[in-house]
Amino acid sequence: MCAQAVSEYKPRKPESGILHRLVSTHFDEFVESFEDPDCPESGLPTFVRKEFEGFLDCGILERGFVLLFCDRCQREHALAFSCKGRAICPSCGARRMQETAAHLVDDVLPDVALRQYVLSPPFELRGLLACKREVLAKMVSFFVRAIFEQLTGWARCQDLPEPKCGAVTFIQRFTKTLNISPHLHVLVLDGVFANEEEGPRFVECPAPTNRDLLSLAQSVFKKMEKFIAKRGYIRSASDALEEASLTPVERWYVRGLAEPSMLSPSRIADVRSTAIACGGFSVHAQVRVARGDRRGREGSAYMRLVRPSPKINFA
Ligand SMILES: [Zn+2]
Ligand SMILES: [Zn+2]
């Protein structure tokens, strides 16, 4: 169990870490600061409180442990329970990050070239995307579908039979400075599997051009506009309302309506490109990992797993 030849298992001491000391000293005060005696609904949401409480107990032997017997050194080791939190516990976060990245690289992603597509939505939609799961889910499906359509479209021009694409989406909810900013990192197989008689064969595709990226951004923009209006996230006839009374989402919507008819991708120069924006949506696709580059693959999976919530798509 403890693989003595390599190194002795040493339990970590979370209670001596800076974050643990900071949270345990100020947690009660922090919880109280959210309570308003005049408002019964006030207070820290239960799921947030549970994350903190779990973190305070994580890895502390007094809070529960299992005894493991090691055949090699013939000794017992106490292994403290972990909180399995997804938000603030650095230990559980790091473990999940490594396990998920290793799982993706070992068992999920085939050894072919990958490209990372990043979609950043307009500032005005951040709040809506952060609170409404269905809006975020739609944005993921619009973006991934647009990428897949582009790849299969290219494959059909090459006469590749029954092209199939693959991608893993990582939803990131925060920036480095913990600002709320839901955005997507999508690891896409950089080509298609063609269903040939001898079996599936992977064919790499050329790097996207700025026309390709513009049509991705436009597709997501148009579909999000329609969806947000249809689901009632803006008032009807928002364009007739006073600018000052508009919500951020309505402002974004009205500005989109006022934009002159969108530039057709076929009217811009078809050159290699790594980033473009449309209607506030920006698309980046500069990171590519070559076939056989295991470290690159793990790295791009690790980096995208800081706040992991991957969704796997195959089409
Ligand atoms: Zn041992
Ligand atoms: Zn933990």
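The exercises cover a metal site, aromatic pairs and a pocket.

This is a predicted model, in which local features need pLDDT of at least 70, side-chain atom pairs count only at pLDDT 80 or more, and totals for chains, interfaces and linings use all residues. Residues are numbered from 1 along each chain as its sequence is written, chains are lettered from A and ligands numbered from 1 in the order in which they are written, and side-chain values use heavy atoms, with hydrogens and water left out.

**Exercise 1.** Find the protein donors of the zinc ion (ligand 2) and assign the geometry of the site.

Step 1. Search for donors (N, O and S atoms within 2.8 Å of the metal, or 3.2 Å for Na, K and Ca). The SG atoms of Cys 58, Cys 83, Cys 89 and Cys 92 lie 2.3 to 2.4 Å from the zinc ion.

Step 2. Check the angles. They run from 106 to 116° among the 4 donor atoms, and the site is tetrahedral (four donors, all angles between 85 and 135 degrees).

Step 3. Read the spacing in sequence: C-x24-C-x5-C-x2-C. Cys 58 sits in the loop between helix H2 (46–57) and strand E1 (65–70), and Cys 89 in the loop between strand E2 (75–80) and helix H3 (90–108), so this pair ties together parts 31 residues apart in sequence. Helices (H or I, at least four residues) and strands (E, at least two) are DSSP runs, numbered from the N terminus.

Step 4. Cys 58 is buried at 2%, and Cys 89 is buried at 5%.

**Exercise 2.** Classify the pair formed by Trp 252 and Phe 281.

Step 1. Apply the pairing rule: ring centres of Phe, Tyr and Trp (its six-membered ring) within 6.5 Å. The count is 7 aromatic pairs.

Step 2. Compare the planes. The centres of Trp 252 and Phe 281 are 6.2 Å apart and the planes stand at 75°, so the pair is edge-to-face (over 60 degrees).

Step 3. Trp 252 belongs to helix H7 (residues 248–258) and Phe 281 to strand E9 (residues 281–289), so the pair links parts 29 residues apart in sequence. Trp 252 is buried at 1%; Phe 281 is buried at 0%.

**Exercise 3.** Describe the lining of the second largest pocket.

Step 1. List residues with an atom within 4 Å of a pocket point. Among them are Tyr 9, Cys 58, Phe 81 and Arg 95.

Step 2. Assign elements. E2 and H3 each give two or more residues to this lining.

Notes. Tetrahedral: all angles 85-135°; square planar, octahedral: opposite > 155°, others 65-115°. Buried < 20%, exposed > 50% of the residue type's maximum accessible area, 1.4 Å probe, protein only. Phe/Tyr/Trp six-rings, centres within 6.5 Å; stacked < 30°, edge-to-face > 60°. 1 Å grid on protein atoms, 1.4 Å probe; cavity = no way out; pocket = protein on both sides within 12 Å on 5 of 7 lines; lining within 4 Å.
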